[in-house]
Amino acid sequence: MSGPSESLDTTPKRRQSALALAPRKRPRHSDRFSHVGRHFGRTIHAMLSVTALVENGLVREVELAEGGEDDLTRYSAEERREHIIFRKLVALVPELTSATATGDYLDTVASIQHGMDGAHADDTKGLKEPMIDWITPMGGQLNPAIKRNKKAERGFQHDVTGALLCPVELNWDNDEVKVGLRIGELTVAADSWPRFMYRDNAYDPENPWKGLLRGKLLVTAFKHIFTSPTSVDDGSRATRAGNARIHGMTSVTPGSIAYVATQVRFALSSAEVFSRSDTAMNSAGFYDVLLELLTDEEDKEEIDALFAWWNRQVFPNSSAVQARVPTATSALARIRAARCATQ
């Protein structure tokens, strides 16, 4: 990718990390770039400063061009992660490179940020009420009841939401643990996975990957956000196009899974507002740690298996899924069988 013109100031200076939440403001926005921002935040990275991402990325592109090779190893691990995200944004908005060269990019960047923040707020609000329906036993009720439009009764204050949010390394049935979490004596670290993230809420300390990110609530929330709320009850039929279809999304991404897990965690909590300074929930830290895990090459085998599982759950009709499992009597199946026989 070509860098910006030589007018760009490349003087070394302390850069703001893009992988930090952007300040709240109400910028002007373009429908198109805001639209891109909504998808970018849901699927690539939800909690960063687009301005810092673009400015840092363009400076690095100049540095790489001057070095004559595309070698990111000269940068720190965080800078490499940030630059990969920058390039994914440029793939969605190629105009960023030319606009930045002329200095005419601030409105574009503000629109992307506006879209990201708007989608996050919409999804947080959209999950608030149906979450109560999803955790209520079929044909039963919660005891005590939880108001669908209130948050104060959730979190560790309620036995059901508390059990789902309880870190897997702790025992919610232990009264000391329960009280400690409720009064804040026990704090929850960003890398302490809540029980709802596991299939059937069951955690195996000997095999922590087993069932991880395969919880029913996660799949339900993903469908609600990406394939439309109506697809939650009937996965084969949605009454209107969802966000995935609008953007041509046919497979999950690390960012989309981390995003949904963060949204579910917040919806179950008693926090009323998603705050950047919320040290109790530390949603930003939780999201970052989870996204880092889902992009870790050392866990590639487990991650690939996880993504394949997810695609079968939420995109069963996509060509990517169908290609993995050919019909037993199809020509493709026979071709693969013949290949295996000769190897």
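Modeller: A crossing is left-handed if the near helix is turned anticlockwise from the far one by less than a right angle, and right-handed if clockwise. Helices here are DSSP runs of H or I with at least four residues, strands are E runs of at least two, and both are numbered from the N terminus. One caveat: this is a predicted model, so local features need pLDDT of at least 70 and side-chain atom pairs 80 or more, while totals for chains, interfaces and linings use all residues. Residues are numbered from 1 along each chain as its sequence is written, and side-chain values use heavy atoms, leaving out hydrogens and water.

Colleague: How many helices and strands does the chain have?
Modeller: There are 15 helices and zero strands.

Colleague: How do I describe two packed helices?
Modeller: You give the angle between their axes and the distance between the axes. Axes are lines fitted to C-alpha atoms, for helices over the stretch in contact, and angles run from 0 to 180 degrees between N-to-C directions. Take H5 (residues 106-128) and H11 (residues 254-268): they pack at about 50°, with axes 9 Å apart. That makes H5 oblique to H11; under 35 degrees counts as roughly parallel, over 145 as roughly antiparallel, 65 to 115 as roughly perpendicular and the rest as oblique. The crossing of H5 and H11 is right-handed.

Colleague: Which residues of H5 and H11 make the contact?
Modeller: Contact means heavy atoms within 4.5 Å. H5 brings Ala119, His120, Asp123, Thr124 and Leu127, and H11 brings Tyr259, Gln263, Val264, Phe266 and Ala267.

Colleague: Is Ala46 buried or exposed?
Modeller: Buried means under 20% relative accessible area, exposed over 50%, and partly exposed in between (1.4 Å probe, protein chains only). Ala46, in the loop between H1 (31-43) and H2 (50-67), is buried at 9%. Leaving aside residues up to four places away in sequence, Ala46 touches Gly41, Met116, Tyr259 and Tyr287. Ala46 and Tyr259 sit 213 residues apart in sequence, yet 7.0 Å apart C-alpha to C-alpha.

Colleague: What about the loop backbones?
Modeller: Asn143 and Pro144 are joined by a cis peptide bond, with omega about -5°. Leu213 is a non-glycine residue with positive phi, near 60°, and is buried at 0%. Asn282 also has a positive phi, near 45°, but counts as partly exposed at 29%.
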